[in-house]
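Me: I would like to go through this structure by asking what lies behind each label. Please set each value against its cut-off before you conclude.

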Amino acid sequence: MALHNFQGLNNGDEVDFESTWETLAASFTQIHTKNASLLSFEQLYRQAYKIVLKKKGDELYKRVASFEQDWLTEKILAKLKGLLSNALISGNSAETGGQTANERLAAGDRFLRELKTAWEEHQLCMSMLTDVLMYMDRVYCTDHRQPSIYNTAMALFRDCVLLSRITTSEEQWVTMLGVLRNIILEQIKMERDGDIIDKHAIKACIYMLEGLEAKDTSNGPEKLYSSAFEEDFIRTSHDFYKAEGETLLRESDAGTYCRHTKKRIDEELDRCRSTLSDSTTSKIERVVEDELIRNRMNDLIEMDSGVKHMVDNERLSDLGLIFDLNARVDSKKTDLTKAVQRIVVAMGTAINNAGAAASQTQPAPAPETDGDKAKTTVAGVANLLTVAAIKWVEDVLELKDKFDNVWSTSFRSDQALQTALTRSFAEFINAFARSSENISLFIDDNMKKGIKGKTEYEIDVVLEKAITLLRYIQDKDMFDRYYKRHLTKRLLMGKSLSTDVEKQMVSRMKIELGNNFTLKMESMFKDMTLSEELTAGYKEHVTKRGDPDPRRVDLDIKVLTSMTWPLEGMGASSESDEDARMKTIYPPAIERLKMGFEKYYSEKHSGRKLTWLANMGTADIRATFPKVPSKNGTIVRKHELNVSTYGMIVLLLFNDLPSGESLNFEDVQSRTNIPTNELIRTLQSVAVSPKTRILVKEPMSKDVKPTDRFSFNESFESKFAKIKVLSITSGNKVEGDRERKETEKKNNESRNHNIEAAVVRIMKQRKELSHQQLVSETLTQLASQFKPDVVMIKKRIESLIEREYLDHIDGGDSLRPLGPPAVRIESP
Amino acid sequence: MDSPQNELMSAMATLHLGGKYSDLTILSGTKSYAVHRAIVCPRSGFFDGACSNQFQESRTGVIDLSEDDDEAVEQMIHYFYYLDYPHEFERKPSPVFRHRAASDARRKPLKKLDLSTIEDPQAACCGAQSPLTPPDEQPDAYALAGKRPRSPTITMSADAESSESEEEEEDLMESPNLVTHSRVYALAEKYDIPSLKLLAAQKFEVALACWFDSNEIPDAIEDVYHGTIDSDRGLRDIVIQALRCQPTMAYRKDVKSLLPEVPQFAAELWKVQNGQPIY
């Protein structure tokens, strides 16, 4: 009975299902044909609910799916197929025959729009169906682990529409998806070539592809978009940009190339936003970067219109573009850095070569054809060399300015490039042997002339430039040597325009190179101040003594601390310098003065010894020349002569000489004891120089020979009341090769001391160290002063061992210091 | 003052009673309810679907639920506004919004007038319900609503309706309402209102425990087993649990007579009696 009842119920349901389904199917058709507003949602919902309640959910689900499948195949697919021409299907623009690009574009657009509409309507209808079948989704699909009817319907759209095959010829077919892909790719290519396309239609189709899974078995979130479109898009883009890169490199200059590349990247990013998918952004960016930048960077830099050309022609914005491109693909900017370094070194080497060429002119003056002429040439050459040295510095500074500008404007003040630039500048500056000397000469020149009439700010700029160059110098000790020598001359000869600026410079160096570096320079300034006080003090002392001798000689004295000042390089460079200086015979008046001051000085500072450096001094003499007749009658000609101390001594000899008598060279030398070469120079300045011929030399020639005779030039004439007798050696000039070797030798000696001091310092601290470690640590310690030669260090260590300051530990490789005060090490 | 929650609940009650801003009508049998899409649709997949698509309902703004049990529909709508059912007025719902009651001068005399006119017929009911509270405003609200076209319109006269609802009220209080709960439960399942489903199940469980000897039980069991899809265990488990606690229930004549009609129940009862698990 119960069983019967149950079956009967079931049979009733069966009938019920069919008729209910009929109603539902009819309604679904209405929904698909946009007539839903006539349908009652409640009714449909209730019918679907009842079917599921009677456990017919499975059947309902299948019927709906099959309904959708039929609908898609019969209505949608057929409609879309009708829009396809053979040309669109083949996707090959070569086969278009008479079809123009515009027609093709229009046909593609139509297809895209139709597909878009079909997809959107399908989505809309299915969302309505899903609401009607909500209970089925909620109960049946959840319980039976079926995908929701909506997802199933979307997959059906993919399978029935997109993946449907379209036969092109007997054995060939393409899918609708393939056609879609080709149309989109072709339109993108058109857009790249400058055509305008319907971005919205494409975007909608891309949305569709993005919304669909590639496969039903959703293993991973792979969307139809990435499997069916993106790969091909990336591949064709590779080809496109590869070809474009080649053409561009061949046909345009680097600036255009950069601008074009930038434009392309922007375009592609924009395309991803407006036409394709954001997920492709990074991939397509990578493609353009690879094809137009990464693979072409070198070619681009090396082009005729590449980086070199841009630097030469100040194409700052183009350089900026190249920088941006390189930075985009390489955070280190390796290619650009290398190129720029090459250019800097090349340009720097050119400056070096020009500098070297200028210094090569020195031996050039022809062998003495005419004695007189040859002399002036030598002096001229020395001047020329100085000019060349300063020109070198100015060229380097100009180069530096140029690249600073490039760096800040084009290279966006990039840290890595700054480091590279610094390294390259240091490289070529240090490759130039005279860089230290030249920089010091540059400062010297500025201190003497350059800063005249400049504002404080301008002076600041000059000083800063000098310091900038100084930073590049590796062998700072060489610079120190030159700078001190040049500074000494400036201070002693009063050539400096401003002591304030000098002090500023020193304090800048102090900041840059440390206290030790400027210690001696500072005490030089101190000596100068003390000397002024001494001079004033002495003058007062003399006045107090009340000796109103009108013929009294005024004394302006500079007392120099012997270790502080680089006196060995001053004037004469012979070894007998010291002796000669001692013996110089001063005229009685001067001798009295000298004694007077020595007495005054020893009263103030006992236990100090004064050495007189006549070669450094100058003297002002008032000279009276015999009356000569002139148009206005006879006048007494008085001139004030400014001569070197030696010059004064020589001239005073002739004071006592009766008119018309002469002295020969040896006479002069024996009466004054002035060192030979100093004397020659002095006599040249007072007897040979055309404007200051106070003495007459016989025979009249450029060179001073021991046999020459000198007499007072009674007929001396000059328009000026004050006459400066130029000393041949005055002023700071480029060293000659011989002097230079001398300087280097001295420098090496002091380096030896420095190395030994460093070694001993290190060993005292570390007690025991292997030879290798000791060498490397010494190198580090000395790096701030100069770059020592390893061989030199090894020699010094050997020497220290020899002198028993260091010792090998048990004959091994390690070293240790020997008891106080000495130290020892270990060596190979 | 009222807490924010109370304020909201009171406003909801006012919306329910006054039907102001109503933009959807639910028909159920002879009754018509003016409800609000903003309140109804977010709570129920069915109403959401009906209103959001281009079906007839969204065009006309009328949903006809006459196919469903009209009492269950009424409880469902009540639930939408009060988060509970059946009608139990713990608070005095105001016929107008709180701020209007205080500020709208035109409305006040009207209210007074209404109160005075309907005071007499309601006095008895009010006294019966709770002698300590002042006259309940609910009937007042109904009366007021009856005169306004947008409030829940009742096809019969206002008086008759109000008295009917009062009877129902008493009815619900004094009977287990097992059938009502099971029907609300089925309706909540059908229209996808999960929390109402839960609430109905709780009420059903309590009622079944208190009224295990009620003569409503056979009808309720039949409803439970036929009202929802077999796989829905909610009320079925409650029934089985009650049978385990009160085995004697199964031997009642009226329950026994159910067995041929409801085969699923028979099978599960057999399993319970033989100590076997249901699933």
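**Rings, burial and backbone**

Reply: Ring pairs join Phe41(A), Tyr45(A), Phe46(B), Phe47(B), Phe55(B), Tyr79(B), Phe80(B) and Tyr191(B) into one cluster. This is a predicted model, in which local features need pLDDT of at least 70 and side-chain atom pairs count only at pLDDT 80 or more, while totals for chains, interfaces and linings use all residues. Residues are numbered from 1 along each chain as its sequence is written, chains are lettered from A and ligands numbered from 1 in the order in which they are written, and side-chain values use heavy atoms, with hydrogens and water left out.

Me: How many aromatic pairs does a search of the whole structure find, and why is the pair of Phe47(B) and Tyr191(B) called what it is?

Reply: The search finds 25 aromatic pairs over all chains. Rings of Phe, Tyr and Trp (its six-membered ring) pair if their centres lie within 6.5 Å, and planes under 30 degrees apart count as stacked, over 60 as edge-to-face and the rest as tilted. The ring centres of Phe47(B) and Tyr191(B) are 6.0 Å apart and their planes stand at 50 degrees, so this pair is tilted. Phe47(B) belongs to helix H3 (residues 45-52) of chain B and Tyr191(B) to the loop between H10 and helix H11 (194-210) of chain B, so that the pair links distant parts of the chain, 144 residues apart; helices here (H or I, at least four residues) and strands (E, at least two) are DSSP runs, numbered from the N terminus.

Me: What makes Phe47(B) count as buried or exposed, and what of Tyr191(B)?

Reply: Buried means under 20% relative accessible area, exposed over 50%, and partly exposed in between (1.4 Å probe, protein chains only). Phe47(B) has 0% relative accessibility and therefore counts as buried, and Tyr191(B), also at 0%, counts as buried too.

Me: Is Leu187(B) buried or exposed, and how do you know?

Reply: Its relative accessible area is 6%, so Leu187(B) is buried. Leu187(B) lies in helix H10 (residues 178-190) of chain B and, leaving aside residues up to four places away in sequence, touches Asp68(B), Ala72(B), Val73(B) and Met76(B), where a contact means heavy atoms within 4.5 Å. Val73(B) is 114 residues from Leu187(B) in sequence, while their C-alpha atoms are 7.6 Å apart.

Me: How do you know whether the length of helix H31 of chain A agrees with its number of residues?

Reply: The expected span of a helix is 1.5 Å times one less than its number of residues. Helix H31 (residues 790-802) of chain A has 13 residues and should span 18 Å, and its end C-alpha atoms are 18 Å apart, so the two agree. Among the buried residues of H31(A) are Met792(A), Ile793(A) and Arg796(A), and just after H31(A), Glu804(A) takes a positive phi of about 60 degrees.
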